[in-house]
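Hi,

Here is the model I promised to pass on.

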Amino acid sequence: GKWGGMPTNMIQYSEKYYDDVYEYRHVILPMDIARSVPQDRLMSETEWRSLGVQQSRGWVHYAIHRPEPHILLFRREKD
């Protein structure tokens, strides 16, 4: 797929997807960064920015994907 040629040490960002209220995206962390993600709680914007995730203001880390904790799930309210 689209990410096939990407080096595995890069943070990868999905396309956005939508429902009636929110827009969503997921962020795939390389394993060395993923080790710093708290397993038992959601991260604040300050925390995920400190990991190197770069996206505009208003995105909220809203769920933990337990089978693959290196995949961060984000959403924000649509305008």
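**What I found**

Ile 11 counts as buried, because its relative accessibility is 16% and buried means under 20% relative accessible area, with exposed over 50% and partly exposed in between (1.4 Å probe, protein chains only). Before going further, a word on the ground rules: this is a predicted model, where local features need pLDDT of at least 70 and side-chain atom pairs count only at pLDDT 80 or more, while totals for chains, interfaces and linings use all residues. Residues are numbered from 1 along each chain as its sequence is written, and side-chain values use heavy atoms, with hydrogens and water left out.

Back to Ile 11, which is found in the segment before β1 (12-13). Leaving aside neighbours within four places in sequence, Ile 11 is in contact (heavy atoms within 4.5 Å) with Val 27, Ile 28, Leu 29, Pro 30, Ile 33, Leu 51, Gly 52 and Val 53. With Ile 33, the C-alpha separation is 8.8 Å, across 22 residues of chain.

**The overall layout**

The chain has two helices and five strands, in the order β-β-β-α-α-β-β from the N terminus. These elements are DSSP runs numbered from the N terminus: helices are H or I with at least four residues, strands are E with at least two. Of the 79 residues in the chain, 33% are buried. Take the contacts between residues at least 6 apart in sequence: 42% of them join residues at least 24 apart. The accessible surface comes to about 5,300 Å², and 51% of that belongs to carbon and sulfur atoms; the areas come from the Shrake-Rupley method with a 1.4 Å probe, and for residues only the protein chains shown count as cover.

**Strands**

How many bridges pair β3 with β5? Strand β3 (residues 22-28) pairs with β5 in the antiparallel sense over seven bridges, where two strands pair if DSSP finds at least two bridges between them. Within that pairing, Tyr 24 stands opposite Arg 75, and Ile 28 has Ile 71 as its bridge partner in β5. Ile 28 is also the partner in β3 of Gln 12, and β1 and β3 run antiparallel, joined by two bridges.

Strand β2 (residues 17-18) is likewise antiparallel to β3, with two bridges. Tyr 18 stands opposite Glu 23 there, and the two strands form a hairpin with three residues between them.

On to β4 (residues 60-64), which pairs with β5 in the antiparallel sense over four bridges. Ala 63 stands opposite Leu 73 in β5, and a hairpin of six residues joins the two strands. Strand β5 (residues 71-77) has five of its seven residues buried, so it is largely enclosed by the rest of the structure.

**Rings and charges**

Rings of Phe, Tyr and Trp (its six-membered ring) pair if their centres lie within 6.5 Å; planes under 30 degrees apart count as stacked, over 60 as edge-to-face and the rest as tilted. By this rule there are four aromatic pairs. One of them is Trp 48 with Phe 74: the ring centres are 5.1 Å apart and the planes are at 75°, so the pair is edge-to-face. This pair links distant parts of the chain, with Trp 48 in helix α2 (residues 45-50) and Phe 74 in strand β5, 26 residues apart. Trp 48 is buried at 0% relative accessible area, and Phe 74 is buried with a value of 0% too. Elsewhere, Tyr 17, Tyr 22, Tyr 24 and Tyr 62 form one aromatic cluster.

Two arginines sit over rings. The rule asks for NZ of Lys or CZ of Arg within 6 Å of the ring centre and within 35 degrees of the ring normal. Arg 75 lies over the face of Tyr 22, at 4.2 Å from the ring centre, and Arg 25 lies over Trp 59 at 4.9 Å.

**Arg 76**

Arg 76 is in strand β5. A polar atom of the Arg 76 side chain lies 3.4 Å from the backbone oxygen of Arg 57. Not counting residues up to four places away in sequence, Arg 76 touches Lys 16, Val 21, Tyr 22, Glu 23, Ser 56, Arg 57, Gly 58 and Trp 59.

Ser 44 lies in the loop between α1 (31-34) and α2, and is partly exposed at 35% relative accessible area.

Cheers

How values were computed: Polar contact = N/O pair within 3.5 Å; in protein donor to acceptor, adjacent residues only side chain to side chain.
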